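User: I have a structure to study. Please take me through its contacts, one question at a time.
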Amino acid sequence: MNIVVCVKHVPDATADRKFESDNTVDREGVDGLLSELDEYAVEQALQLREKRSDEEISVTALTVGPAKAADAVRKALQMGADKGVHVSDDAIAGSDYLGTSLVLAKAIEKIGSEQKVDLVVFGMASTDASGGVVPAMVAERLGLPQVTLASVIESQGDQVRIKRDGDTATEVIGATLPIVLSVTDQSGEARYPSFKGIMAAKKKPVESYSLSDLGVEASEVGAEAAYSAVEEATARPPRTAGEIVTDEDGSGATALAEFLASKKFI
Amino acid sequence: MTMTEQQEGTTHAAFTESEERRELRQAVRRLAGTYGQEYFTRQARSGGKTTDLWLDLGKNGYLGVNIPEQYGGGGGGIGDVAAVCEELAAQGCPMLMMVVSPAICGTVIARFGTEEQKQRWLPGIADGTETMAFAITEPDAGSNSHKITTTARRDGDEWVLSGRKIYISGVDEAKNVLVIARTEDARSGKLKPCLFVVPTDAPGFEFQAIAMEMVSPEKQFTVFIDDVRLPGDALVGHEDAGLVQLFAGLNPERIMAASFATGLARFALDKATAYAKERTVFGDKPIGAHQAIAHPLAESHIEVELARLVTQKASALCDAGDDMGAGEAANMAKYAAGEAACRAVDRAIQTHGGNGATQEYGMAALLVASRVMRIAPVSREMILNFVAMHSLGLPKSY
Ligand SMILES: Cc1cc2nc3c(=O)[nH]c(=O)nc-3n(C[C@H](O)[C@H](O)[C@H](O)COP(=O)(O)OP(=O)(O)OC[C@H]3O[C@@H](n4cnc5c(N)ncnc54)[C@H](O)[C@@H]3O)c2cc1C
C-alpha cells in the first residue's frame, strides 16, 4: 500500500508572527515547524503501517512550501515516514487554498505515477491558516472520495471505517480505498521522533519537485492567481490587565457571576 | 567540502552542533516540557518519583542514546546523552540518574563488559526498566577515592562483598548498583579497584535514605554491604583493569554533571529574564531595564554559554576516543558549569525579589541542586587540584 501524508510547515505559534510587505505570512524569517495538527496525520499513517505489518506499506511525506518547509518533511521522516517529497517554486508563494490544492494534487498524481497511491492523509487543518478545506479540494481534484475529520480509523484490506465526532452525534463512515482522509487531534497523540529516528531520517530519500516537474503553470498558482488577497494585517492588541474582583464584604461571588454573565460564559 | 560535511554521526565540529543533535534537543525539550518543573517538584515534595518521565524517556530512545544499538540503545555518543540531560534540566527536570545509569554505568559496561554482561544489563539501562546506580563514595573516602575500603574476596566461584557507601543516588529506583570495591592482588597483596554489579535485592545489601535538603524525587542513600554473595560474573570486565575501567566512566560523569548544571542554569535564567521583562516597580519600566538586574543576568548567560562550549568540547574529544584530552576538558566543564549554575540560580532568585523565595516561583527550589554541582560528583577544589597539577605542572597538592 502506498500512503501519502501531506504535511505543512507553519510558523511557530509560540513565536511572534510576522508578515511580508504584501501581507502574506513571513515563512522565511521566522522559526517554523511541522504543523502540530499534521503530526496526527503522520501518526495515523505510521500506525496503519504498523498495524498491517505483514503488508508492504510505504509512507511518503509531502510538503509544498519554501526551502525551509523541508523541515516539516524531515520531522515526518524522523517520526518514521519512509520518504519525502518537497514541492518548492518561487511562483507558489502567496497561493490560496485552490492553488495549494492544485499543487498537492499534481504532486500526489506524480507520486502515484510510480506506484498507485491508495491513501492520502491530512491533518484536520493547518495551525496557521486554519482553513481545513484543502483535504476536500485535493479529493475533488483527484476524483477520490473524501473521508474527513476522523477521530478513529480502522482498516482492513481496501476497506476503511472512521468515526467522526460531531456536536450531537458520532458518525461511522465506511469507504473503499483509494480515499483522501483527514484526521483530528482526537485520533491519538503523535509520537516523538526517537534518537534512532532522527539519525535514520538523514539517510531517507527526499525528492524535490518544481512546478514544471508537475506540469503546473506558474500563472495557475501564487498570489496573482489567488481569489482572495490580504488587504491589511494588524497586530493583536497587547494583553490588557484584566479585571480583579476583590471580595471584602461577601459580594465577590455576585460580582464574579455578573462578570461571567456579561461575557456570556454563564 | 566544509568541516560539517565531513562529520559522521552527531559529532561536534566548528562550534555548532550537528542538525541531528539540535533536533534531539528539540524533541527532548518538547517531551520534558510536558512534565516540567511543576511535575518535578510536586513529585519531590509528595515523596513521589519521576518514574513516568524516566520510562517515557526510555520508550522514546532518549535515555539510552549513547548505548550501542545492538543492546537496545541509540548508538550515539556522550555528547548526545549529555544533550538529553541538559534539555531535561532546562525544562525544570534535572535528573541525576541520567548521569549515573546510562552515562557512567552504560559507558563502563559497553566498553569493558563481556558480551553476556552487555546483553544482560544494557537493554534495561537503555529503556529505563533496569536503572543502575553507581557507588564509589564512602564515609571515609570521598574526594580521595584511593582510600575506599569496600572489599571483595573470592569464595570458590563466587565473590563476597563487604563495605559501606554513602550519598549513593537513586538506589531505591535502581535494580542494580555498580559498586567500586577492592580485591587483593594475588601476587603483590596490594588492593586494586574492581567493579561489581550488585542487585539491590541481594541478601546482605541494605540502604537507608539520607535526609537531604535538595528538592528532588531522586534520593541519596547510605548503603550497607554485609557479606553480599555475588556470582563470578558480577565482576565487570577484567579483574586487573579496574582502574582503567573506572576512569572510563569518569569523563562521561563529569560531562553529564556539567550538562545537568548548565541545563539547571538555563532554566533559572529563562525564568528570571521572563520575570524581569514583566515585573515593574518604579514607573512603567520593567525591572529588566535596570542594569543592576540586566547585567548579572547577561553575565550569567555568558558564563553558561562558555561552560556549554567546553562541555561540548569534552564530549567531542570523549566521543573521538581521546580519553586523556577529554579528561582535562571534562574537568574544566564540570568546574565552569558548577560555578555558572550557582551564580545563575543566585541571580535568578535575586531578580525575583520575595517571589524568589517562594515555592510558587520555583527558584529557591534550585538552590541546593545548583550548590551540589560545586561538590559532586567531584568537588571544585579537586578539579582545581587536577588543573593545577596536570594542566599547569604545579606540584601535587593533595
Ligand atoms: C546530591 C549528591 C549525590 C551524590 N551521588 C553520588 C552517587 O550516586 N554515587 C557516589 O558514589 N557518590 C555520590 N555522591 C558523593 C559525591 O561524589 C561526594 O560528596 C564528593 O565526591 C565529595 O566527597 P565528600 O562528600 O566525601 O567530601 P570530602 O572529600 O570530605 O571533601 C570535603 C571538602 O574538602 C575539600 N577537600 C578535600 N580534599 C581536598 C584537597 N586535597 N584539597 C583541597 N580541598 C580538599 C573538598 O573539595 C570538599 O570541599 C553524591 C553527593 C551528593 C551531594
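Analyst: A polar contact is a pair of N or O atoms within 3.5 Å; within protein, one must be able to donate a hydrogen and the other to accept it, and residues adjacent in sequence count only if both atoms are side-chain atoms. This is a predicted model, in which local features need pLDDT of at least 70, side-chain atom pairs count only at pLDDT 80 or more, and totals for chains, interfaces and linings use all residues. Residues are numbered from 1 along each chain as its sequence is written, chains are lettered from A and ligands numbered from 1 in the order in which they are written, and side-chain values use heavy atoms, with hydrogens and water left out.

User: How many residue pairs are in polar contact across the interface of chain A and chain B?
Analyst: Both residues of a pair must have pLDDT 80 or more. Across this interface, the number of pairs found is five.

User: How much area do chain A and chain B bury between them?
Analyst: Buried area is the accessible area (1.4 Å probe) that two parts lose on being put together, summed over both. Contact means heavy atoms within 4.5 Å. Chain A brings 13 residues to the contact and chain B brings 20. Carbon and sulfur atoms give 54% of the buried area, which is about 1,400 Å².

User: How many salt bridges are there between chain A and chain B?
Analyst: A salt bridge is a side-chain nitrogen of Lys or Arg within 4 Å of a carboxyl oxygen of Asp or Glu. Glu23(B) and Arg74(A) meet in one, at 2.8 Å from N to O. Between the two chains the count is three.

User: Which helix gives the most to the side of chain A that touches chain B?
Analyst: Helices are DSSP runs (H or I, at least four residues), numbered from the N terminus. Those giving two or more residues here are helix 1 (36-51), helix 2 (70-79) and helix 5 (195-201) of chain A. With four residues, the top contributor is helix 5 of chain A.

User: Within chain B, how much area is buried between domain 1 and domain 3?
Analyst: Domain bounds come from an automatic or database domain assignment. Chain B has domain 1 (19-131), domain 2 (135-242) and domain 3 (243-391). In domain 1, 28 residues are in contact with 28 residues of domain 3. Carbon and sulfur atoms give 66% of the buried area, which is about 2,200 Å².

User: Which three residues supply 24% of the area that domain 1 of chain B buries against domain 3 of chain B?
Analyst: No other three residues of domain 1 supply more. They are Gln37(B), Ile78(B) and Glu86(B).

User: Which residue meets Glu86(B) in a salt bridge?
Analyst: Side chains of opposite charge can pair when their charged atoms come close. Across the interface of domain 1 and domain 3 of chain B there are four salt bridges. At 2.6 Å from N to O, the partner of Glu86(B) is Arg308(B).

User: How far apart in sequence are the parts that Glu87(B) and Arg25(B) tie together?
Analyst: These two form a salt bridge, with the closest N and O atoms 2.7 Å apart. Glu87(B) lies in helix 5 of chain B and Arg25(B) in helix 2 of chain B, so the pair joins parts separated in sequence by 62 residues.

User: Which residues come nearest to the ligand?
Analyst: A residue is near if one of its heavy atoms lies within 4 Å of the molecule. Thr137(B) has a side-chain N or O atom 2.7 Å from a ligand nitrogen. For Ser379(B), the distance from a side-chain N or O atom to a ligand oxygen is 2.6 Å. Of the 20 residues around the ligand, the nearest are Thr137(B), Ser143(B), Tyr167(B), Ser379(B) and Glu381(B).
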